[in-house]
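Biologist: Could you walk me through this model, beginning with the ligand?

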Amino acid sequence: MAEGFYKKKSLGQNFLTSDRIPARIAEVCGADKGCGVIEIGPGMGILTKQLALRAAKVAAIEIDSELIPILEERFADAENVKIINEDVMKCDLRSLIKEEFAGLDCVVCANLPYYITTPILMMLLEGEYGFRSITVMVQKEVAERLSAKAGAAGYGAVTAAVSYYAAVKRQFTVGAENFSPKPKVDSAVITLTPYTEKPVKPENEGLFFRVLRGAFAMRRKTLVNSLSSAINELPKEEIKSVVTELFGATVRGEELDVRQFAALSDRINALICHRG
Ligand code: SAM
């Protein structure tokens with residue numbers, strides 16, 4: 001570790017301690033000489049090093065300015081590594097991809113800061129940047145939630161939203177002892193492969209997401225009750241008759257997959273348009 005650097009809990013700074021896990025992550029992320037990698041949160045650069053060995057170029061975005069001189073020194077001779085001192089949530093990824101990765105495929109690979117995992121993943125997916133894949137280490141429980149099937153424990157609004165944009169694959173588990181400081185929980189590596197052609201195409205995407213969020217907003221309520229609060233353009237009776245016809249009156253949001261949410265949102269959309 002670099003002398004005088006104190007890790008910041010508030011920035012999710014749990015660093016990997018040996019090259020073995022970063023090498024495995026870099027391997028499964030599929031980085032090769034035909035692609036550029038965006039790394040989020042390089043920390044001390046342990047994963048960056050493995051990515052740079054495999055990829056044509058690595059753009060590593062680190063929010064903590066105290067880490068920048070450490071990273072710059074470490075990669076001073078690595079021509080294919082660019083260190084960027086920014087908050088990834090504020091970074092103009094489209095320009096970055098255009099400027100740094102012209103003619104290359106682009107993948108994302110990161111040991112994500114856990115305090116901001118979901119916002120980062122949703123930003124990467126919603127931006128539709130054309131990533132070949134997104135391979136990230138997250139808390140094991142989050143990996144389980146993201147790969148849960150409808151009706152299973154942990155399945156929720158984020159699972160459904162992620163599955164709208166990408167296929168999710170669990171890669172491997174990483175024990176807490178591989179980090180410094182050691183976190184309270186184990187981690188897991190997952191790969192999201194964004195669809196080039198989405199298998200589910202709701203007619204009104206905005207409404208689809210309102211239906212999806214509304215369905216999970218009140219967890220112990222039936223879908224009819226949750227949706228009635230979220231979709232105020234229709235009377236509860238109309239929502240009830242659509243839900244009952246499609247899935248039965250007592251169904252809960254957590255039982256539906258993304259395809260069923262799209263079917264539901266299309267029916268609600270038709271009714272709203274008809275009223276309009
Ligand atoms: N890649 C290193 C490793 O595997 O050892 C560090 C991973 S550590 C879990 C997360 C890193 O993300 C930290 O270096 C932290 O400073 C950085 N980070 C936290 N929030 C960030 C943000 N919004 N944008 C960019 N980097 C961020």
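This is a predicted model: local features need pLDDT of at least 70, side-chain atom pairs count only at pLDDT 80 or more; totals for chains, interfaces and linings use all residues.

Biologist: Fine. How many residues surround the ligand, and which are the closest?

Modeller: The ligand is surrounded by 23 residues, and the closest are Gln13, Gly41, Glu62, Asn111 and Tyr115.

Biologist: How do those residues of the shell divide into nonpolar, polar and charged?

Modeller: The shell around the ligand holds 12 nonpolar, 6 polar and 5 charged residues.

Biologist: What lies 2.8 Å from a nitrogen atom of the ligand?

Modeller: That is a polar side-chain atom of Tyr115. The backbone takes part in such pairs as well: a backbone N or O atom of Val88 lies 3.0 Å from a nitrogen atom of the ligand, and for a backbone N or O atom of Ile63 the distance to a nitrogen atom of the ligand is 3.3 Å.

Biologist: And how much of the ligand's accessible area does the protein cover?

Modeller: On its own the ligand has 600 Å² of accessible area, and the protein covers 99% of that.

Biologist: Where does the ligand sit, then?

Modeller: The ligand sits in the largest cavity. Two elements each give two or more residues to the shell around the ligand, namely strand 1 (15–16) and strand 3 (57–62).

Biologist: How does one find empty space in a model at all?

Modeller: One rolls a probe the size of a water molecule over the atoms, which shows where empty space is left.

Biologist: What does the count of cavities of 30 Å³ or more come to here?

Modeller: The count comes to 1 cavity of 30 Å³ or more. The space in the largest cavity is about 350 Å³.

Biologist: Which residues line the largest cavity closest to its centre?

Modeller: Of its 28 lining residues, Ile40, Gly41, Glu62, Asn111 and Pro113 are the closest to the centre. Strand 1, strand 2 (35–40), helix 2 (46–54) and strand 3 each give two or more residues to this lining. The lining divides into 18 nonpolar, 6 polar and 4 charged residues.

Biologist: Changing topic: is the peptide bond from Ser180 to Pro181 cis or trans?

Modeller: That bond is cis, with omega near -10 degrees. Pro181 belongs to the loop between strand 8 (179–180) and strand 9 (187–194).

Biologist: And is phi of Glu128 positive or negative?

Modeller: Phi of Glu128 is positive, near 45 degrees, in a residue other than glycine. Glu128 lies in the loop between helix 5 (117–126) and strand 6 (133–139).

Definitions and conventions
Residues are numbered from 1 along each chain as its sequence is written. Side-chain values use heavy atoms; hydrogens and water are left out. A residue is near a molecule or strand if one of its heavy atoms lies within 4 Å of it. A polar contact is a pair of N or O atoms within 3.5 Å; within protein, one must be able to donate a hydrogen and the other to accept it, and residues adjacent in sequence count only if both atoms are side-chain atoms. Accessible areas come from the Shrake-Rupley method with a 1.4 Å probe; for residues, only the protein chains shown count as cover. On a 1 Å grid over the protein atoms alone, a cavity is a set of points where a 1.4 Å probe fits but cannot get out, and a pocket is an open set with protein on both sides within 12 Å along at least five of seven lines; lining residues have an atom within 4 Å of a point. A molecule sits in a cavity or pocket if more than half of its atoms lie within 2 Å of its grid points. Helices (H or I, at least four residues) and strands (E, at least two) are DSSP runs, numbered from the N terminus. Ala, Val, Leu, Ile, Met, Phe, Trp, Tyr, Cys and Pro count as nonpolar, Asp, Glu, Lys and Arg as charged, and the others, Gly among them, as polar. Grid points are joined across faces, edges and corners, and a volume is the space filled by probe spheres set on the points.
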